[in-house]
Amino acid sequence: MAAPRVFISSTCYDLKHIRESLKYFIKNMGYDPVLSDEGDVFYNPLSHTHTSCLDEVSNCQIFVLIIGGRYGGTHIGSTESITNEEYRIAVKNNIPVFTLVDSSVSSDHHLYQMNGKNSEIDRNKVKYPASDNVKIFHFINEVRKNTVNNAIHPFRNFLDIETYLKKQWAGMLFDFLLKAKNEKQSEVTNKLLDDLSQASRKTEELLKFVYGKLDNVNAEEVISSVSDTVNAEKFVKFILKMTNGELLYSTNIERLMSTSMENGWAKYLIDAADFVETVEYDEGIEYVVLWPPKEIGTGIAIKKIVDGDEINSNKSDYEESFESLRSLNDDKRKSVLQELLP
C-alpha cells in the first residue's frame, strides 16, 4: 500500500537528534521519511548531489522544514542555502509545508526585526546568541511573507514538534475526508451557482430596462446604489478573510459607524477595530503590514517601499470596496458592518 513520503529539510549536523527523532516519528505514523543523510535520496551520478536533493523534493507529498541556528552550506551556483532552495521547490510544486523554528532562533529573529530602523547599530554585524548568520532571519521572513505555506511554529524540544505535526496532519486528513464527502455535493452546488449567476445577470439587465422606462425614477442612481451595496459587502469578506473568519469582538457598531472614513480603509480599521500597523524590513526593503487585533488571522503587506519610494501596493481591491462602503447611507452601511460583529 502506498504511503505519503515526507521530506525532512534542515541543516544536518546541528539538528542531527531532531532529524533522528523525526524519522522514527514519521515511520510510526505509517509514512515514509526521506532524509538526505540517511541515503533516502537518489544521488544521480550524472548530476550534483544538491540537484539530486531538489529533484527528490518533487517526489514527496509532505515537506517538513526545520529552521535551527546554523545557516548551512550554500546551494551550488547560488548564494542561498540548500534548505532555502528545497523549500522553494516544495512551494513551487504545491507540496504542503510544515515549518518549525527553534524558539531561541525565533527570539533572535524578533530582536533582528525590532532593530530594523535602529541607526545606532548595524544589526547585520550583531552576534546573535542562537544564530550564526542573519540570512536565517531573511529565510524566516521569506516563509512568513509567502502567500501560501507560510505558517511557522516555534519549538523548544522534539515533543513540541511531535505535538504540532500530529495536530496539523490530523487536520489535513480531516480536510481530505471532508472534501471527499462533499465532492459530489460540490458538483451540484457549482451547477446551481452557475445557474444563479446567469439568473442574476438576467435580472440585472431586466432591472436596467425597467428603470430606464420609468420617467419618475432615477435609474442610474438606483442601479448605482445596488452596485455599491454589493461591493461594500466585499469589504466585509476581505476583513473576515484577514481574521480567518473571526468576528471583531474588540469593537461595536457605534464605534464602527462613528469612526472617520476619510483617511482610507487601513486607518479606518486601526481607529475603529484595533487593527495594528507594523513596519518590517527584509534585505533593504521596507514593508508596512496591517495586522488584525489580538493576534488573530494573518497580516497583509499594504506597502512596499524601497529607498523611500512606494513601488508596490496590495490595497486596490480593499480601496474599491471600502469606497463603496463609504458611499452608502447610514442605514445600509450599518447593516453591512454588522456582519463583522458577534
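User: How are residues numbered, and what pLDDT do local features need?
Analyst: Residues are numbered from 1 along each chain as its sequence is written, and side-chain values use heavy atoms, with hydrogens and water left out. In this predicted model, totals for chains, interfaces and linings use all residues, side-chain atom pairs count only at pLDDT 80 or more, and local features need pLDDT of at least 70.

User: In what order do the five strands of the open sheet lie?
Analyst: Strands here are DSSP runs of E with at least two residues, and helices are runs of H or I with at least four, both numbered from the N terminus. Two strands pair if DSSP finds at least two bridges between them. The edge strands, each pairing on one side only, are strand 2 (32-34) and strand 5 (152-155). The pairing in this open sheet is parallel, and the order is 2-1-3-4-5.

User: What angle does the direction of helix 5 make with that of strand 3?
Analyst: Angles run from 0 to 180 degrees between N-to-C directions, with axes fitted to C-alpha atoms, for helices over the stretch in contact; contact means heavy atoms within 4.5 Å. Helix 4 (residues 103-114) packs on the sheet, touching strand 4 and strand 5, and makes about 80° with strand 4. Helix 5 (residues 135-144) also packs on the sheet, touching strand 3 (62-67), strand 4 and strand 5, and its angle with strand 3 is about 145°.

User: How many bridges pair strand 7 with strand 8?
Analyst: Strand 6 (residues 276-282) pairs with strand 7 in the antiparallel sense over seven bridges, and Thr278 stands opposite Val289 in strand 7. On strand 8 (residues 300-306), Ile305 stands opposite Glu286. Strand 7 and strand 8 also pair in the antiparallel sense, and their bridges number five.

User: How many of the seven residues of strand 7 are buried?
Analyst: Buried means under 20% relative accessible area, exposed over 50%, and partly exposed in between, using a 1.4 Å probe and protein chains only. Strand 7 (residues 285-291) is mostly covered, and its buried residues number six.

User: Why does Arg19 count as buried?
Analyst: Arg19 is found in helix 1. Not counting residues up to four places away in sequence, the residues it touches include Ile8, Cys12, Leu35 and Asp37. Arg19 counts as buried because its relative accessibility is 2%.

User: Which element gives the largest share of the lining of the largest cavity?
Analyst: On a 1 Å grid over the protein atoms alone, a cavity is a set of points where a 1.4 Å probe fits but cannot get out, and lining residues have an atom within 4 Å of a point. The largest cavity has a volume of about 90 Å³. Among the 13 residues that line it, the closest to its centre are Ile67, Arg70, Tyr71, Thr83 and Phe139. The largest share, three residues, comes from helix 5.

User: What is the volume of the largest pocket?
Analyst: A pocket is an open set of grid points with protein on both sides within 12 Å along at least five of seven lines. Points are joined across faces, edges and corners, and a volume is the space filled by probe spheres set on them. Elements that each supply at least two residues of the lining include helix 7 (219-242) and strand 6. The volume of the largest pocket is about 1700 Å³.
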